[in-house]
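Can you walk me through this fold in plain words? I'd like a short briefing on the sheet and the helices around it.

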Amino acid sequence: MVMLSSILVALDGSASSLRAGRLALGLAQRHKAHVKGLGIVNSAWIQRPEPVPIGGTAFKRELDLRALQSATERVEAVLQAFREDARDAHVAALETGEAAGDPLEVLEVEAIAHDLVVIGRNSLFDVEGDAREISHCVDRIIRGEPRPVVLVPPNANGDGDSDITGPVVVAFDGSPAASRALHMFALLGIGRDREVHVLTVDNSSEKAAGEMAARACALLQ
């Protein structure tokens, strides 16, 4: 039987990544899985080339080093808090690590050894932007990461247990991407003992949508 055995959670210190850490620990506890908390410093962005005035290269280098040090210290604090949360949740199969570089490239390598990637929806990984929107960095990870990705918002109604035991909505349109996602959802056991609702929209007819949803339900059953 295929099961969820290893989880990778990307941490950057944002509110949604902290909640992603707690959800990953809850999944690890429920499925008796190994979990790795990976603190990512986006050094590629912090030290990106930028136009500077004549004589400003040394000043930019100093600013970059300060920003890099600040991001590193924040990640170290996040990982310490993650280890404490794991201890409180009695998750023994735990690993933590730090990585610097482009988050997509880092996760592409790290995710090879894991079944599932968990990431905060509003993680910015030091990239400037509006935290209310999915950052370009997170969008690249979702589109480029071959492993299933759980995107976690910064807050939600209900207690933390509802994230891993409550009802699930599956959006299914019959496409190859949706089919792969549904298969992985079923094979990893994430929906085991949970109420699952399958939602399908078809512009041609309600009957066609119902037939498509029925095929997804048959697979899950």
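Here is a quick tour, starting with the ground rules.

This is a predicted model, where local features need pLDDT of at least 70 and side-chain atom pairs count only at pLDDT 80 or more, while totals for chains, interfaces and linings use all residues. Residues are numbered from 1 along each chain as its sequence is written, and side-chain values use heavy atoms, leaving out hydrogens and water.

**The sheet**
- β1 (residues 6-11) and β2 (residues 34-41) run parallel and are joined by six bridges, with I7 opposite V35 in β2.

**The helices**
- Helices are DSSP H or I runs of at least four residues.
- Helix α3 (residues 57-88) has 32 residues, which should span 46 Å at 1.5 Å a residue, counting one less than its number of residues; its end C-alpha atoms are 47 Å apart, which agrees.

**What's tucked away**
- Buried residues (under 20% relative accessible area, 1.4 Å probe, protein chains only) in α3 include L68, V75, L79 and F82.
- Among the elements covering them (contact means heavy atoms within 4.5 Å) are β1, α1 and β2.

Conventions:
Pairing = 2+ DSSP bridges. Helix = DSSP H or I, 4+ residues; strand = E, 2+ residues; numbered from the N terminus. Buried < 20%, exposed > 50% of the residue type's maximum accessible area, 1.4 Å probe, protein only.
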